[in-house]
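User: I'm new to this structure and would like a close look at a single part, the place where two of the chains meet. Could you walk me through that, and then through the aromatic rings?

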Amino acid sequence: MNRTDIIVVGAGPAGMSAAIEAAKRGAHVTVFDENSRPGGQLFKQIHKFFGSKEHHAKIRGFVIGEELMEEAARLGVDVRLDSTVIGLYQDKEVVVREGEEVSHHKADAIVIATGAAENMVTFEGWTLPGVIGAGAAQTMMNLHGVRPGERVLMLGTGNVGLVVSYQLKQAGCDVVALVDAAPRVGGYGVHAAKVARTGVPFYLSHTIKRAEGTDHVTGVTIAQVDSHFQFVPGTEKHFDVDTICVAVGLSPMSQLFKMDGCKVVDDRKKGGQVPVVDDLGETSTPGIFAAGDVSGIEEASSAMIEGRIAGLAAAEYLGFIDKDEMDKAVVANDAALDGLRQGMFAPKNRGKLVTTTEEGIPVSQSLLEHGYVADDEIARFPGVTRRVGIHPVIECTQNIPCNPCQDACPKHCIKVGDHITQLPAVEANSACIGCGMCVASCPGQAIFLVDEKDEEGFADVTLPYEFLPVPAKGERGVALGRDGSPVCEAEVVSVRQTRAFDHTALLTMRVPADMAMRARFFRAGSAGAAANETSAAAATAAAE
Amino acid sequence: MGTRFDEHPILGTTERGRLVSFTYDGKTLQGYEGEPVAVALSAAGVKVHRYTAKRHEPRGIFCAIGRCTDCVMVVDGVPNVRTCMTPLVEGMRVQTQYGATATPFDDIVTADEKGGTR
Amino acid sequence: MKEICDRTRDLGPFEPKPGDDQIVCRCEEVTQGEIRRAVHDGLFTIAEIRRYLRCGMGLCQGQTCSRLVKGIVARELGVSPDELEPASSRAPMRPIEMSVFAKEAERDER
């Protein structure tokens, strides 16, 4: 039997944060994780995080993961990888499989941060090789440098489906369609918009009818569904694909709590079976805490804060700190957590249809139904203004807790305001110098610089670009609209890549003046037949 | 399926281990030491990892993080090895799993076809 | 919960449905139709169905199918999935060979 002060199950963002906080207070902490790499899903998250500075906003997930690991190592946290917790027994006894051996460990407090498992849906052919979870796609391309497939259809428009679709494109895959049985996009509009403008069509109120192929996927047929999720005859569409990616939500992996006898409830807003916990994450068993997705599905940013709180509470439970010290530290974390749980996508709003923003502006229906803000909707948002000369255009149209743009501008052109979920506004008469810091800092890639040169008859549009190859200055191609369809010819007049932009290239393309507010993406090559083959040619209606 | 890429716009150059040989159903393939067996197979174009016991249906990578157990194969003679969690080692012997063994169903004379091989 | 377990409830005759031949439990190859029929045969709890059909008892221990099975049973019973008691959780949480358990015994004797 091995003894330690605190055992943490799961080396993801929540577990590592808990371990770090407890170790800082002098506790001996052992973290077990069944994977050979720590960090949980953080190392697969290559986008910049939303939030404010205290939430690591605009830092990419895998970089946050590296920082957590370094800090834990410095504090002497014992992280045991390839170590699967196979059982949790009375009086905080943990049974672990390490390699070919089983060992017993006992702690005085336990933090369970086992995360979540992917949900699935069944359809004809869903067991065929080539039908994979979105997490599998992320693992293969972001950890191992292998594309899961060449032509992929994504089922699910929650944040996972949207983010992974974008990542598939970054890895060089062709994403032929984003499909969701729900009538509206489930994830952040900005995540949808950055996929839509590359030319990926969205099919809402559609789902997969069958995966085709004998030994592996060679195609897929989708069809429209009615309000009772029944297929509408005659609406079938076929795509030639080798991979179908499923991203239909996550469920907490809470089995260990049940094994211990902690009280567990079914909570649909939290994603499934979750332990009943108090404000500190303590379960019905004193000294056993929960943190992260296992206690309710949210983002990694909130998981880290929940982890810190659980770590503090575990340290207090064991007497490493007194209650006053814990309370003081918890208050700051509570505030940070509260900040993340605001806005249209707050856990309390899950499943609700929000039709207007906090500012009273009607939400873009096109964004919800097609993945992009329509040209005739965009002007009503406070970040979208026009004037001659260079200025930022902020196509941020939903209230989400995020404000790096405000801090990024050295000239204070952008104002989110005191409430972190407010839509960013461009200050009138501000002196934009075109530095591009706002463009690179926006986790939603929703900021553009538009330089309107009316007298000369053209406009320069600067956009964030995270694909390879990065077009060269002087390269000619096509400007795509928010919907991903070609709107005009374009020429790259500048490409900026600096350390401060953190791998987001800033591409400036020159377009006719009347396209200044429509051109939002660049594709090399001619505007001819090849330009939109993905969406047009692939979606051929299949005769039933 | 499974083309490798060496450059990524965010992650930069993909770091890989030493190039090693292993066998897949007797054929010699190459992969990078330490990467999951499933990744090496995927990059080599292998999609089917096993055929199921009852229906004899093909299965391959599904979750890629060791949860679903769909990608299990017979590795170095041991069945039910999760290839997505098992690092590739030089000389590894990887075989398609039929039910719970490496023997194709057609070759099993005595087994009751309906009941599978379990 | 009591009402759900009332075995005198009449669920009506078993009617085949589209998708009945689709696999739900990928490990044990249990179909939607088999699960629906089990409910009509009077198995109303997830635990009973698991023992009867083995869905969720294969290598992955219900990682993928437990939520799907719950949904099918709930629909058949005409209740919300939240109202169904999930199957109990037991060690080991992940597949483990008997030889590994045996190794522990050897070491503890040392």
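Analyst: Let's start with the contact between chains C and B. Here 13 residues of chain C touch 17 residues of chain B, contact meaning heavy atoms within 4.5 Å. A quick note on the ground rules: this is a predicted model, where local features need pLDDT of at least 70 and side-chain atom pairs count only at pLDDT 80 or more, while totals for chains, interfaces and linings use all residues. Residues are numbered from 1 along each chain as its sequence is written, chains are lettered from A in the order in which they are written, and side-chain values use heavy atoms, with hydrogens and water left out.

Together, chain C and chain B bury about 1300 Å², and 44% of that is on carbon and sulfur atoms. Buried area here is the accessible area (1.4 Å probe) that two parts lose on being put together, summed over both. On the chain C side, C:Arg26, C:Glu29 and C:Leu59 lose the most area to chain B, together 47% of what that side buries.

C:Arg26 turns up again in a salt bridge: its side chain meets that of B:Asp70 at 2.4 Å, N to O. By class, the side of chain C that touches chain B has five nonpolar, three polar and five charged residues. In that scheme Ala, Val, Leu, Ile, Met, Phe, Trp, Tyr, Cys and Pro are nonpolar, Asp, Glu, Lys and Arg are charged, and the others, Gly among them, are polar.

Now for the rings. Over all chains, the structure holds eleven aromatic pairs. Rings of Phe, Tyr and Trp (its six-membered ring) pair if their centres lie within 6.5 Å; planes under 30 degrees apart are stacked, over 60 edge-to-face, and the rest tilted. One of the pairs is A:Phe289 with A:Tyr317, edge-to-face at 6.3 Å centre to centre and 80 degrees between the planes. A:Phe289 is buried, with a relative accessible area of 1%, whereas A:Tyr317, at 35%, is partly exposed (buried is under 20%, exposed over 50%, partly exposed in between, with a 1.4 Å probe and protein chains only).

In chain B, B:Tyr51 and B:Tyr98 are stacked, 5.5 Å centre to centre with 10 degrees between the planes. B:Tyr51 counts as buried at 18% relative accessibility, and B:Tyr98 does too at 16%. Back in chain A, A:Tyr166, A:Tyr465, A:Phe467 and A:Phe521 form one aromatic cluster.

Conventions. Salt bridge = Lys/Arg side-chain N within 4 Å of Asp/Glu carboxyl O.
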